[in-house]
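Here are a few notes to read alongside the model, written for someone meeting it for the first time. Keep the view open as you go through the points.

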Amino acid sequence: MDPSLLLLFQEVYRGGKLAGAAKRLNLSPSAASHGLTRLRLALGDDLFERLPHGMRPTQRAHALAPRITAVLEALGDLCVPQPAFDPANSDRRFRLSALDSTASLLLPDLIGHIRRLAPDVVLTTQALPRDAMAAAVLDGRIDLGLGHLWKATPGLRITPLGEETYAVVRRTAFDAAPTLEDYLAERHLLVSQDGEPSGIVDFTLRRLGARRTVAATAPNFFVALAVAARTDLMLTLPRRFAEKWADAFGLAVAAPPIAVRSFSPSLISADRIDRDPGAMWLHEALLECAAGLYQHSRGFGVDSSSA
């Protein structure tokens, strides 16, 4: 259905004259007459009866009139520019996905920012696996994701926040940075959402012809820190997270003896985010919170490019 035909119907219905409708719509009389014929054929009704002084709607036209008005109003709403997002007066609920290693570094500043500028906004966070997070951003179940995707995904916009490397932690102090021999002699704890006792560290070791002993897995990084604080297991984890929280658990921190491939924590959004001023506001707030965290050097100076 051509929306212009619905406009023609509305004008004839309101004014009762085809010539007047044509004039208001800037149509020639023949174009208006042709349009009305098309509309009659499409809707299977005469719609209007010709009278000496105008056109009288049929019962079918009376029944259709409020529905056509509703359709035209809905189409008009689509053409109205998206209103600006006013954080101070918004009560929107934003949905974010992030693992605790990233969330614990960024959420304190982000939530503080929201409380100052948007006191009625609610932020909810969940920890979805990488593929599930990407799917949830694409279909709109979450507004933004914080994490790392190893490859580009159609429909997603990936904004790197910086570069992250790794550290090792354990309960006993390090006299010096562990050697590869020291590292392999330890029993290890691995953070694994799916429970699989293998990760990027094990992939790197296999390339070196080596293998470590993974004695246990933990579902997230804070649980892993709590376990490491009560056992003799060594834990390899993102450096900034380790430096932020190891002291709180009484753990020592050192550089790893292998060049594990670095990664870029990223802000992940749908390409359509430009059409959502609220999500763009949250996107910019996250970038602002991340700027100070990721602008520093990589820390231990391990050349991760060789991994």
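**Notes on the predicted model**

1. Let's begin with burial. Of the 307 residues in the protein, 43% are buried (under 20% relative accessible area; over 50% is exposed and in between is partly exposed, with a 1.4 Å probe and protein chains only).

2. A word on the ground rules. This is a predicted model, in which local features need pLDDT of at least 70 and side-chain atom pairs count only at pLDDT 80 or more, while totals for chains, interfaces and linings use all residues. Residues are numbered from 1 along each chain as its sequence is written, and side-chain values use heavy atoms, with hydrogens and water left out.

3. Next, the overall form. The C-alpha trace spans about 105 × 45 × 30 Å along its principal axes. The radius of gyration of the protein is 31 Å, whereas a compact globule of 307 residues would have one near 19 Å (taken over C-alpha atoms; the globule rule is 2.2 Å times the number of residues to the power 0.38).

4. The protein has 11 helices and 12 strands (DSSP runs numbered from the N terminus: H or I of at least four residues for helices, E of at least two for strands). Among contacts with a separation of 6 or more, 75% join residues 24 or more positions apart (contact means heavy atoms within 4.5 Å).

5. On charge, the protein carries 34 positive and 33 negative side chains, and the centres of the two sets lie 7 Å apart. Lys and Arg count as positive and Asp and Glu as negative, leaving out His and the chain ends; each charge is placed at NZ of Lys, CZ of Arg, CG of Asp or CD of Glu.

6. Pro178 is worth a visit. You will find Pro178 in the loop between strand E7 (166-170) and helix H7 (180-185), and it is buried, at 7% relative accessible area. Beyond its neighbours within four places in sequence, Pro178 is in contact with Val168, Ala254, Ala255 and Pro257. Val122 is 56 residues from Pro178 in sequence and 44 Å from it in space, C-alpha to C-alpha.

7. Two loop residues other than glycine have positive phi. Asn26, with phi near 60 degrees, sits between helix H2 (18-24) and helix H3 (29-43) and is exposed, its relative accessible area being 72%. Leu47, with phi of about 70 degrees, is in the loop between H3 and strand E1 (48-51). Is Leu47 buried or exposed? Leu47 is buried, with 0% relative accessibility.
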